[in-house]
Amino acid sequence: MPRVYLDHSATTPTRTEVAQLVMEYMTEKFGNPSTLYSYGREAKKAVERSREQVAGLVKATPEEIIFTSGGTEGDNLALVGMARAYARKGRHLITAAVEHPAVLDTCHYLARQGFAVTILPVDEDGTVSVAEVEKVLRPDTILISIMQVNNEVGTIEPVEEIGELARARGVLFHIDAVQAIGKVAVDVEALRADALTGSGHKIYGPKGTGFLYLRKRVKLAPLVWGGGQERAFRPGTENVAGIAGLGLAAELAGQELKTEMPRLAALRNRLINGILEKVEGTALNGPTVKRVPTNANLRFDGVEGEALLQAMDLKGICVSSGSACSAGSVNPSHVLTAMGLTREEALSSVRMTLGRENTEEQIDYVLEELPQIVERLRRKAE
Ligand SMILES: *Cc1c(COP(=O)(O)O)cnc(C)c1O
């Protein structure tokens, strides 16, 4: 039985060359970057090379990159760190209902700490309105946090316009770009980002690696204290092996963007159109145009997404119902409900996200199996 992995927004397979590099920095080149002999210098060089590679991918300067343990930490560090550093200027934050829990839960925490948080609604495509952002701006607003690409439905948010607005009003702007990096152009200058979060394992790098871009002269309160690593914004002995792997993954993601994305967009369209054609009672969730090339999210009337996931797994096909973080729970996706889907529609939805190893044969295999699975599940439900 073929195995078809269609959950690249949950995580990606680590590239072989990345894994090899990680191995190298775990074994022969194991030094602590803070030490002064050759082992330490070698490790430090790897960290600084990675910093250049990551900076290159998002058009930042290396000094603006802080290595973290991933997207969740990056979002926490950005939001809590900037909120605390600028609390004297104001205590109002703006974010959107479709954000990742790493942003939303952090905003809820800040609300409990006495900050005022406005959570913006979205339209039926999951898009945040720039006019809405402008409407809720207050004299005490210090920070806007909007994701560049949504992890569940692939919506590309108008972050460039929001960045322009934020900069004009003297408000900080944070972007969760975890699902954008490697899929669409991410340019911190064009986006007018003050902070931007990335994660390694979503771009074929190691899990537990990531970074926060922090624009020059923007203040940030650290969340942990200790050594002076990462300019004391994120102290602790560096995850040298992971950081080296992240750097290589970032460089390769940048190189392959222009060739890989059109290929995946074509495969993704083949998948969506094939399903809409072959299976009655289906609909695409999210936008058709302003959508990242790798994402398909569909609902199947009268079918439970969770049951569909399990039946597809038996055929070797890995998909996700709702977001991976809430898998296992019966709560409908907060993203789909924010887009106006009913609880039932949300619970009958499945996300398929494509990546490097996917081929046309694999998509055709899914298109062959899926209609039969859906039909069987519907008959059972009758
Ligand atoms: C995966 C993801 C995160 C969390 O990143 P981790 O590295 O898994 O902690 C944050 N935001 C978005 C949009 C994501 O897709």
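Serine 348 sits in the loop that links helix 10 (343-347) to strand 12 (349-353); helices (H or I, at least four residues) and strands (E, at least two) are DSSP runs, numbered from the N terminus. This is a predicted model, where local features need pLDDT of at least 70, side-chain atom pairs count only at pLDDT 80 or more, and totals for chains, interfaces and linings use all residues. Residues are numbered from 1 along each chain as its sequence is written, and side-chain values use heavy atoms, with hydrogens and water left out.

**Around serine 348**

- Serine 348 is buried, at 6% relative accessible area (buried means under 20%, with a 1.4 Å probe and protein chains only).
- Its side chain gets to 2.9 Å from the backbone oxygen of glutamate 345.
- Skipping neighbours within four places in sequence, serine 348 is in contact with Leu298, Arg299, Phe300, Val303 and Gly305 (contact: heavy atoms within 4.5 Å).

**Around the ligand**

- The ligand has 13 residues around it, and the closest are Thr72, Asp176, Gln179, Ser199 and Lys202 (a residue counts if one of its heavy atoms lies within 4 Å).
- Helix 3 (residues 71-85) gives the most to this shell, with three residues.

**Polar atoms facing the ligand**

- Aspartate 176 puts a polar side-chain atom 2.6 Å from a ligand nitrogen.
- On its own the ligand has 380 Å² of accessible area, and the protein covers 88% of that (Shrake-Rupley method, 1.4 Å probe).

Note on methods:
Buried means under 20% relative accessible area, exposed over 50%, partly exposed in between (1.4 Å probe, protein chains only). A polar contact is a pair of N or O atoms within 3.5 Å; within protein, one must be able to donate a hydrogen and the other to accept it, and residues adjacent in sequence count only if both atoms are side-chain atoms.
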